[in-house]
Amino acid sequence: MTRRGKTFVGFGFGPIQSALFLYEAHCSGNFDRYVIAEVDAGLVGAVRAGGGRYSINIAHPDRIEHVVVDGVRLCDPTRQPDRDELVLAIAVADEMATALPSVRFYDAGDASSVARLLADGLRRRDPSHPVIIYAAENHNRAAEILSERLIAEVGADGLAGTQALNTVIGKMSGVIGDADTIRRLGLAPLTPDTPRAVLVERFQSHPHIPRDARRVPSRHRRVCREGRSVAV
């Protein structure tokens, strides 16, 4: 399969995905394409209506910074055309990140589940092209659980070149839906048509990456550093 540029794929579009992984991937300049699976059809439509742009708010000690991220493609995996697009993106992805409410969501949704989507994309991958999946579900075995789900779908050989890694996020983030609070703090809404705002603190530390990440070639590992993603 022909690859065009570098692709980042995410699962879930909450504050961890939108304001950490996707934001840092965008800041890094290492990717040409950003494809995110999100089951909230209204949110998918709002980001698309905004031309693939969304806003986040970064809290500094003395101010709140408004940041716009663009070039993002949100897809609803419950819709077949969007699901097909996600599977093709997974098949060529360079890095992926899951940021879901719980590891239980790996299997939620049958054909639209994260495990099934990943499995269908992995079946199409070139095994010589390695990929990392960052698991950020606030669970100390999230990566192992996700790998177990994928092995059940595609077998151990189907994970050749694929590595899931646990991450620890040293950054506070959240979604504010109260209109008065949004006005009082002067926050930018996620999109013009979305009545909620994402507020995160300025990133000041490295995510913790397990030592076994060294098995993956260095050009495919990045850590976030003071608003940047850099190869290590």
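# Helix, sheets and buried sites: a tutorial

Tutor: Start with helix 2. Gly 42 and Ala 49 are exposed, on the face turned away from the buried side of this helix. The model is predicted: local features need pLDDT of at least 70, side-chain atom pairs count only at pLDDT 80 or more, and totals for chains, interfaces and linings use all residues. Numbering starts from 1 along each chain as its sequence is written, and side-chain values use heavy atoms, with hydrogens and water left out.

Student: Which residues of helix 2 are called buried?

Tutor: Leu 43, Val 44, Ala 46 and Val 47, in a helix spanning residues 41–49. Buried means under 20% relative accessible area, exposed over 50%, and partly exposed in between (1.4 Å probe, protein chains only). Helices (H or I, at least four residues) and strands (E, at least two) are DSSP runs, numbered from the N terminus.

Student: Why do you say that the buried residues of helix 2 line one face?

Tutor: Look down the axis. The buried residues fall within an arc of 165 degrees, so they line one face. The arc is taken over directions from the helix axis to the C-beta atoms. Strand 5 (72–75) is included in what covers these residues.

Student: What makes Asp 40 a cap of helix 2?

Tutor: One of its side-chain oxygens lies 3.1 Å from the backbone nitrogen of Gly 42, at the N-terminal end. A polar contact is a pair of N or O atoms within 3.5 Å; within protein, one must be able to donate a hydrogen and the other to accept it, and residues adjacent in sequence count only if both atoms are side-chain atoms. After the helix comes Gly 51, with a positive phi near 75 degrees.

Student: Why is Val 87 called buried?

Tutor: Its relative accessible area is 5%, so Val 87 counts as buried. Val 87 sits in helix 3 (residues 80–92).

Student: Which residues does Val 87 touch, beyond those up to four places away in sequence?

Tutor: Leu 117, Asp 120, Gly 121 and Arg 124. Contact means heavy atoms within 4.5 Å. The C-alpha atoms of Val 87 and Arg 116 are 9.5 Å apart, across 29 residues of chain.

Student: Why does Ser 112 count as buried?

Tutor: Its relative accessibility is 15%, so Ser 112 counts as buried. Ser 112 lies in the loop between strand 6 and helix 4. A polar atom of its side chain is 2.8 Å from the backbone oxygen of Gly 109. Leaving aside neighbours within four places, Ser 112 contacts Pro 77, Thr 78, Arg 83 and Leu 117.

Student: What is the strand order of the six-strand open sheet?

Tutor: The order is 5-2-1-6-7-8, with parallel pairing. Two strands pair if DSSP finds at least two bridges between them. Strand 7 (residues 131–135) and strand 8 have five bridges. Strand 6 (residues 95–98) and strand 7 have four.

Student: Why are strand 5 and strand 8 called edges?

Tutor: Each has a single partner strand, so one side of each is left without a neighbour in the sheet. Strand 8 (residues 162–166) is still mostly covered, with five of its five residues buried. Thr 162, Ala 164 and Asn 166 point one way; Gln 163 and Leu 165 point the other way.

Student: What is the hand of the crossover from strand 7 to strand 8?

Tutor: Right-handed; the chain passes through helix 5 (residues 142–154). With the strands pointing away from the viewer, right-handed means that the path from the first strand over the helix to the second runs clockwise.
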